[in-house]
Amino acid sequence: FKPGPQGRIIILEDTDGDDRADRRDVLVGKFGFSGNGCDIHGPYLGPDGYLYISTGDGSGIADQLQTGQKIDDLLGSLLRIDVDHQSDGRNYAIPEDNPFILRTRLHEFTRPEIYSFGHRQLWKYSFDRATGDLWGGEIGQDLWEMVYRIKKGGNYGWSVREGSHPFRPDRLQFRIEIEDPIVEHSHNDFRSITGGFIYHGSRLPGLTGNYVYGD
């Protein structure tokens, strides 16, 4: 998998056995001028076999597009798609248990690819090999950097909040309660958090079961 221009997610795969990679654009999104891209985790890491894609809010400063609390576009979200199948004219399918697929079928204007939303920039994330829990480092803007345990259908607050702190509380919050971070660091200590992994190695037993991350 690789991110391409104009918001394309491209799969390179030998589909016909000729030892050459064939290209397939699976997702095309309308992105903004900043805060566009983050991380891609595919079936080799996702315990459910689906492709996870995180997107930034695309707004540069202060969520100018106010997309964080919307689920009708692909920005400011963690997406989850099935790249092994195709449906509805797409080069991918929507997993049946994606949290907003029912809203789409009821003709609400939503993007069924969304797994969680309210992210400014979920820069790096990983699955706990032992439990399947999804952990991510969220790059904040003015004052705070956050670590979240990501839940299906979760609202992570941007840009009403930055972590557990008010950011633009006058903006409209989507009607799902905002999740609090597991850990947050002020910009006195951190400037650009990079999410890590739950450690399950044998070399450093004192770290077993702990989330290791940096800045």
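**Exercise 1. Is Asp 88 buried or exposed?**

Keep in mind as you work that this is a predicted model.

*Solution.* 
Step 1: find the residue. Asp 88 sits in the loop between β6 and α1 (101–105).
Step 2: check its relative accessible area, which is 70%.
Step 3: compare with the cut-off. Exposed means over 50%, so Asp 88 is exposed.
Step 4: take a look at the backbone too. Asp 88 isn't a glycine, yet its phi is positive, at about 55°.

**Exercise 2. Describe the surroundings of Arg 80.**

*Solution.* 
Step 1: locate the residue. Arg 80 belongs to strand β6.
Step 2: decide how accessible Arg 80 is. The relative accessible area is 4%, and buried means under 20%, so Arg 80 is buried.
Step 3: look for polar partners of the side chain. One is the side chain of Tyr 52, with a polar contact of 3.1 Å. Another is the side chain of Asn 98, where the polar contact is 2.7 Å.
Step 4: widen the view. Skipping neighbours within four places in sequence, the residues in contact with Arg 80 include Asp 48, Tyr 50, Pro 95, Asp 97, Glu 113 and Tyr 115.

**Exercise 3. Which residues touch the most other members of the largest nonpolar core, and which elements give two or more residues to this core?**

*Solution.* 
Step 1: start with the core itself, which has 19 residues. Ile 9, Val 26, Leu 27, Leu 51, Ile 53 and Ile 81 touch the most other members.
Step 2: now for the elements. Two or more residues come from each of β2 (8–13), β3 (22–28), β5 (51–55), β6 (77–81) and β7 (114–117).

**Exercise 4. Find the largest cavity and say what lines it.**

*Solution.* 
Step 1: search the whole structure. One cavity of 30 Å³ or more turns up, and the largest cavity holds about 50 Å³ of space.
Step 2: pick out lining residues. Among them are His 119, Arg 120, Glu 138, Met 146, Tyr 148, Tyr 156 and Trp 158. The elements giving two or more residues to this lining are β10 (144–150) and β11 (161–162).
Step 3: sort the lining by class. You get four nonpolar, four polar and four charged residues.
Step 4: follow the chain on from Trp 158. A cis peptide bond, with omega about 5°, joins Trp 158 to Ser 159, and Ser 159 lies in the loop between β10 and β11.

**Exercise 5. What does Ile 139 touch beyond residues up to four places away in sequence?**

*Solution.* 
Step 1: find Ile 139 in the loop between β9 (134–138) and β10. Ile 139 counts as buried, at 10% relative accessibility.
Step 2: list the partners: Arg 120, Gln 121, Trp 123, Glu 145, Ser 192 and Ile 193.
Step 3: compare sequence with space. Ile 139 and Thr 194 are 55 residues apart along the chain, while their C-alpha atoms are separated by 7.7 Å.

Notes:
Residues numbered from 1 in each chain as written. Predicted model: local features only at pLDDT ≥ 70, side-chain atom pairs only at ≥ 80, totals over all residues. Heavy atoms only, no water. Core = buried A, V, L, I, M, F, W, Y, C linked by side-chain atoms within 4.5 Å. Buried < 20%, exposed > 50% of the residue type's maximum accessible area, 1.4 Å probe, protein only. Helix = DSSP H or I, 4+ residues; strand = E, 2+ residues; numbered from the N terminus. 1 Å grid on protein atoms, 1.4 Å probe; cavity = no way out; pocket = protein on both sides within 12 Å on 5 of 7 lines; lining within 4 Å. Points joined across faces, edges and corners; volume = space filled by probe spheres on them. Nonpolar A, V, L, I, M, F, W, Y, C, P; charged D, E, K, R; others polar. Polar contact = N/O pair within 3.5 Å; in protein donor to acceptor, adjacent residues only side chain to side chain. Contact = heavy atoms within 4.5 Å.
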